[in-house]
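Okay, thanks for coming, everyone. Let me put the structure up and walk you through a few spots.

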Amino acid sequence: MEQVNRREFVSTAAAIGATILWAGRTAAASRIAWREDRAAYPEGVASGDPMPDSVILWTRRPFGGTARAMLTAEVALDPDFRQVVATKKVPVLAEADWTCRVLVAGLRPATLYWYRFTDTDGHGSRVGRTLTAPRDDDPRAVRFAFVSCQSVNEGAQNAYRRMIWEDEKAPPEQRLGFVLHLGDFIYEVVEYPDEVPHRYDRTVYDIGRIPDARKVSNFHVPTTLEGYRVVYRAHIHDPDVQDARAYFPFICIGDNHEFSWQGWQSFITYGGGEPEPAQALRVAANQAWWEYIPSRVRKASGPGLDRFVAPAVVNAPIKTLDADGFGDEPNNRAAVGSMTAYRAQRYGRHVDLILTDFHSYKMRDPTGRPEAKDLGFEDFPLFLPQEQAEILDGGRGYDGNRPPAMIPNGAKPVPNFRKDEAPYTVLGRTQKAWLKDRLKGSTATWKVWGATNGTLDMRTDPQNLPEGVSKPWPGEGYATFGGGDFSAAFAERAEIYDLIREGGIDGFVTVSGDRHSFWAGHAAKALPPKKFEPVGITFITGSISAPGLAEALEHGHKTDPLRPLFTVERADGTKEATVNLAIKRGVRAAWEYAQSGDIERARTLTNPDVAPHLEFVDMGGHGYSVVTADAQAIETEFVCIPRPITRAETPDGGPIRYRVAHRAVRWHGGKPVLEQRVLEGDPKLSV
């Protein structure tokens, strides 16, 4: 390896915190007396962020009675370790919760490797499998899965079992190169089964007790680094999560639950209360993520390659915000800056994977502020008028810097508390500039933006409710389902999409999670009655296991006269998510289907202007999505499994609910076209 490359790897290792292991040019049989002892490595092994010449390896080997120990890491071209290409002693420290991160360099591109760890007494980890990325100019198709939202507290991770089973059966050219995890790897809100045996129709599983936890309603949340570590270990102890990490390299970016469900920057808020400064908690959350997720994220500088050096911060009041709504307080900046997760990775000729962090730099969601409590209408509790959402988002920039003094709200307009504030940002100034530069500079066929939470508008048309169904809708037009994700960042989303259109950037694709539902559609900054101009295509994956909106609606709003717009229970006990129709086809279609059960009749009542951006939506979908990208086209396949409330007993992870593919041929200007194919099952309310 050239000396300049070695220097680059040394610099990279220092930035991300990893021990370097150099692969040799020759292979030889292992000389290590390895004996598999999975109990000694209770969280197994994992690999992450594969590049053409390197990958991060990970394990956890706890020791007692010492602060530091050594393991031997081995990398081989075969699972029997007769062709070992790299061996090195690497440290594990109590200070890092006995986790170990190794940057293996000098590897071959697009090559399958096997790895393991062994302690000085011969106790060995399970054997892991990883795959390096192809060279930047490799013309072969790229194939990967993307996932999000796994809760071992309330569900089973059957989707991973299905994913492994299908990959093992597939021919080599159709196997996955990696799994992209788009956040909520853990759920920091933990229920204890002796307090809450069931939620919805789900059993609450015992995943242990969080030390020094804070009780919030029925949940317990971490308050310390050790609390987060306990939650990570509980999630990785799940056999399907652990097997998936040992089988696939993962590329990960966090969402909200890795820190705090309703948190942002270094703020936390619970139960509708006032925001609290939580700089120490943000640092603890970042450190635990860094320790348990093998990745190339940049940590704050500090001595040592084998541990996270946490900045000393205090939970100081954050009294002022800068022009982008970021807390202008030294401890907040230090806490957020303790880890920089946004990054990009080229994967062959066809994919540039661009990952952004949607919670570390975002402004407070204006729809969640106390000044917004009087917005909306009592008779329509699930709806927020779109005009209100857009005014709140736009701040002083709304309507060409002409924000109204009052927000329309039927007969009771509300003062516009946002009229003198900056437009809402999720990305923050620095990250947004980086994203724009990466999009403009990318030469890959497909620019794939991992946006963690949904970018597709989620709205319906209560102005079209059949006469006599309810009181007239007091809004000016369409209604959204509230804020909370990037679909409500109207101005910032438009800024990115204008860049795509004006810059002639083709092959723009967004993949997201967080919504616990499957969506396929077009990336557009606005919908009718405004001009609809798609600039790319967008996919959202269902959750691995966490409950979704369709499930919540089955158990809530039971006296709401508009309940048929969201869910219906038939005489035989079958429950159907009519909310899918309300979002994709409008309220008249949803109402008709709820009353008659006639899907063809319901489809004839579609409002073509409510969702011209959508080809598919399933608010009750669980599973994963698989992307295949080559020079001509990109395809995303939704693999939906039944609601994962119990662990599957079969090696394939249980049955399939449906399998649906959406394919787009590469476009150069004009509207991207999505071709839909139902491959298995009948997702009739979603298509």
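So, one term before we start: I'll call a residue buried when its relative accessible area is under 20%. And keep in mind that this is a predicted model.

Let's begin with Asp618, which is buried, with a relative accessible area of 2%. What does its side chain meet? Asp618 forms a salt bridge with Arg657, at 3.2 Å from N to O. Asp618 sits in strand β35 and Arg657 in the loop between β37 and β38, so this pair ties together parts 39 residues apart in sequence. Arg657 itself is partly exposed, at 36% relative accessibility.

How many salt bridges does the structure hold? There are 62. Another one joins Asp49 and Arg343, with the closest N and O atoms 3.0 Å apart. Here strand β3 holds Asp49 and strand β22 holds Arg343, so the bridge ties together parts that are 294 residues apart in sequence. Asp49 is buried at 1%, and Arg343 counts as buried too, at 12%.

There's also a network of salt bridges linking Glu43, Arg60, Asp97, Glu226, Arg229, Arg233 and Glu291.

Key. Residues are numbered from 1 along each chain as its sequence is written. This is a predicted model: local features need pLDDT of at least 70, side-chain atom pairs count only at pLDDT 80 or more; totals for chains, interfaces and linings use all residues. Side-chain values use heavy atoms; hydrogens and water are left out. A salt bridge is a side-chain nitrogen of Lys or Arg within 4 Å of a carboxyl oxygen of Asp or Glu. Helices (H or I, at least four residues) and strands (E, at least two) are DSSP runs, numbered from the N terminus. Buried means under 20% relative accessible area, exposed over 50%, partly exposed in between (1.4 Å probe, protein chains only).
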